[in-house]
Amino acid sequence: KNPNEYDKAIIVLNKENNVKAYYSTCIEQYRQMGSTIKPLLVYAPAIEENVIDACSIINDEKTDFGGYTPSNYNGKYYGYVSAKFALAKSLNTCAVKILNSTGIEKSKKYLQKTEIPLTENDNSLRIALGSTEKGATLLNIASAYGLFPNKGFYCNPCVISKIVAENGKTIYATPQTRTKVFG
């Protein structure tokens, strides 16, 4: 495929999740999240639940989870690694092991406080690698990542934060909500 034919999208949000810049050739389509879900669904909930910390050691090896055997992107396994290394390298088997230890339902409860759509069918370990029934939009994902600079608070995203008349009076203001997710 010609590089000019690929879908392109970028979004820039400020700390309050107000959209500052947005460009997309593919509108707001729902797509599978892939590894972008790992920090939100796997690592942050596991840290919050004291299942792991950055130095926790995980054995990155081929593992069968009742018929589901994820593999790393490059097919390479690293043996015993830290959780920090596993996240940095986006190791699939480690992510699935961590989600399995934390629990799917427990981890989903954190993500459900954001606007990333999850369904009752998103109950397998495949969710650790971003395989969900509906997927998410770029705005869903970018807004959820706002949890990290906002110290665990989720702020609802908005394109227009307020409209001010010439006389300085606010005609419209988007209600900003902050939901505690982590910490």
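**Charged pairs and a buried asparagine**

Let me begin in helix α4, where Lys108 and Glu105 both sit, three residues apart, about one turn of the helix; helices here are DSSP runs (H or I, at least four residues) and strands likewise (E, at least two), numbered from the N terminus. This is a predicted model, in which local features need pLDDT of at least 70 and side-chain atom pairs count only at pLDDT 80 or more, while totals for chains, interfaces and linings use all residues. Residues are numbered from 1 along each chain as its sequence is written, and side-chain values use heavy atoms, with hydrogens and water left out.

The side chains of Lys108 and Glu105 meet in a salt bridge at 3.8 Å, N to O, the term meaning a side-chain nitrogen of Lys or Arg within 4 Å of a carboxyl oxygen of Asp or Glu. Lys108 counts as buried because its relative accessibility is 3%, whereas Glu105, at 43%, is partly exposed; buried means under 20% relative accessible area, exposed over 50%, and partly exposed in between, with a 1.4 Å probe and protein chains only.

The structure holds four salt bridges, and another of them joins the side chains of Glu49 and Lys106 at 3.9 Å, N to O. That pair links distant parts of the chain, 57 residues apart, with Glu49 in the loop between α1 (38–48) and β3 (57–60) and Lys106 in helix α4 (residues 104–111).

Finally, which residues does Asn140 touch, not counting residues up to four places away in sequence? They are Tyr30, Glu115, Ile116 and Pro117, where contact means heavy atoms within 4.5 Å, and Asn140 itself, in helix α5 (residues 138–145), is buried at 8% relative accessibility.
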